[in-house]
Amino acid sequence: MRDLPTRGLARGVRLAAVPAAFVGRRAVGLGKWVGGRPAEAVAAEVQARTAEQLFGVLGQLKGGAMKGGQWLSTMEAALPETLAGPYGEALTRLQEAAPPMPATTVHQVLAAQLGRSWRSRFAEFDSEPAAAASIGQVHRAVWHDGRPVAVKVQYPRAGAALATDLRQLDRLVPLLRVAAPGLDARGLFAELRSRVMAEVDYHQEAAAQGEFARALRQDPDFMVPDVVAASDRVLVSEWVDGTPMAQVARQGDVAERDRAGFLLSRFLLSSPARVGRLHGDPHPGNFRLLPDGRLGVVDFGATLPMPHGWPPALGALLRAGRDRDAPGLAMVAERTRLIRPGEVTPDALLELLDPVLEPLRHEQFTFSREWMRSLTLRFSDPRSAVTSTQRRLHVPVRYLLVQRVAAGTTGVLCLLGATVPVAGEAVGWLPDLDGAT
């Protein structure tokens with residue numbers, strides 16, 4: 001296999017081919033419809049083929065393009081029903097699989113990273129990948145001491161491909177400044193580049209994974225695999241069995257989906273206090289529901305150090321919004337410089353955040369696709385008062401990953417259709433959120 005394409009033009013051409021091919025399929029589909037085939041069948045065929053091409057292109061490009069596709073998989077619940085089927089299936093496949101590296105390339109990377117006698121470190125090694133990710137693929141193996149392990153091997157030139165994709169973000173700075181004048185667009189993209197490029201550093205990932213594994217070693221709810229070995233481009237961890245979260249969402253019964261949603265929310269809400277870090281990549285491919293009922297967690301390439309846990313100001317902000325205390329909400333927002341004095345009225349700020357905070361007002365809240373779609377429509381209307389308020393927010397760049405985690409987690413919970421006591425969990429882990437609901 002050749003190295004990943006790293007030139008912006010080559011990668012851009014492949015991505016541009018997706019909408020161009022879609023237009024072509026629509027034209028062919030129109031001909032089929034005129035020829036007598038039902039319109040619904042033609043539309044379904046067009047969507048399915050476009051979704052298949054999307055999977056193929058993002059999988060081949062890997063890097064930032066595939067990572068973007070994986071992030072979109074957390075937002076599957078926001079898709080209309082007509083798109084949720086074909087695109088949901090394609091995005092789910094991006095969580096678990098993509099076009100693989102040939103075995104010869106894998107063996108070359110292992111020899112370069114673990115030494116020419118790398119095979120002696122394994123009792124068994126399966127050259128066929130078990131899963132693929134944005135910058136590497138995972139192979140199942142048995143370590144020399146008999147432990148089943150997952151061997152993550154980074155694609156050749158993955159870092160360069162990722163950097164090429166991320167450089168394209170600078171083209172969006174003028175557009176984002178118009179769409180969100182209160183946002184430091186250049187600073188936001190710089191932070192995004194820093195966080196995403198950190199995922200190429202397997203030594204850093206191994207250190208973060210070790211922190212989670214040590215903190216949660218005897219936990220009855222979670223299983224984080226120990227790191228066995230690490231180098232620049234190879235990471236060996238204990239193998240995690242279990243049912244992928246996307247499979248639980250599609251095939252699990254109500255109890256399994258609720259259990260998965262509860263554990264996911266508890267893991268992400270509790271980890272800043274318990275581990276001092278936030279797992280920053282909550283797409284479904286990173287979680288497994290184990291046979292013993294625990295949640296298995298993998299892939300710690302994107303984590304945010306939070307040595308002091310959640311900031312108290314976040315709890316105070318959420319409490320005021322939850323209780324519909326508009327003056328109190330505005331006061332906290334001004335104190336944390338989320339808004340500037342006089343720029344946004346307290347009532348407008350509450351109107352913006354009110355539906356998002358609904359889960360905090362109930363002992364049990366059912367996250368649904370319908371609720372997610374209503375939020376998506378609400379925040380995507382450029383002419384609404386809500387959008388006008390949103391454009392005036394000054395969200396600190398350092399909270400970029402926190403926003404990504406919140407949005408991604410909500411998307412996965414809606415994908416599961418889980419009923420979760422998220423309010424009680426949040427009160428238990430976020431300082432200054434306690435109080436009457």
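**View 1. The β5–β6 hairpin.** Strand β5 (residues 227–230) and strand β6 (residues 234–238) are joined by three bridges and run antiparallel. Three residues separate the two strands of this hairpin. A230 has L235 in β6 as its bridge partner. Strands (E, at least two residues) and helices (H or I, at least four) are DSSP runs, numbered from the N terminus; two strands count as paired if DSSP finds at least two bridges between them. The model is predicted: local features need pLDDT of at least 70, side-chain atom pairs count only at pLDDT 80 or more, and totals for chains, interfaces and linings use all residues. Residues are numbered from 1 along each chain as its sequence is written, and side-chain values use heavy atoms, with hydrogens and water left out.

**View 2. The five-stranded sheet.** The open sheet has the strand order β1-β2-β3-β6-β5, with antiparallel pairing. Its edge strands are β1 and β5, each of which pairs on one side only. On average, neighbouring strands are turned by 20 degrees against each other, direction ignored. Axes are lines fitted to C-alpha atoms, for helices over the stretch in contact, and angles run from 0 to 180 degrees between N-to-C directions. β3 is joined to β6 by five bridges, and the two run antiparallel. In this pairing V153 stands opposite V234 of β6.

**View 3. Strand β2 and its partners.** Of the eight residues of β2 (residues 136–143), seven are buried, so the strand is largely enclosed by the rest of the structure. Buried means under 20% relative accessible area, exposed over 50%, and partly exposed in between (1.4 Å probe, protein chains only). Strand β1 (residues 122–132) runs antiparallel to β2 and is joined to it by six bridges; A132 has Q137 in β2 as its bridge partner. With strand β3 (residues 148–154), β2 pairs in the antiparallel sense over seven bridges, and R140 stands opposite A150 of β3. β2 and β3 form a hairpin with four residues between them, and G146 in the turn has a positive phi of about 100 degrees.

View 4. Helix α9 (residues 202–215) lies across β2, β3, β5 and β6, running at about 20 degrees to β6.

**View 5. The surroundings of Q154.** Q154 lies in strand β3 and, at 4% relative accessibility, counts as buried. The C-alpha atoms of Q154 and I135 are separated by 5.7 Å, although these residues are 19 apart along the chain. Leaving aside neighbours within four places in sequence, Q154 is in contact (heavy atoms within 4.5 Å) with M101, V109, I135, G136, G159, V200, Y202, D232 and R233.

**View 6. The α12–α13 helix pair.** Helix α12 (residues 312–322) and helix α13 (residues 326–335) pack at an angle of about 155 degrees, their axes 8 Å apart. That angle makes α12 roughly antiparallel to α13; angles under 35 degrees count as roughly parallel, over 145 as roughly antiparallel, 65 to 115 as roughly perpendicular and the rest as oblique. A313, A316, L317, A320 and G321 of α12 make the contact with G328, L329, V332 and A333 of α13.
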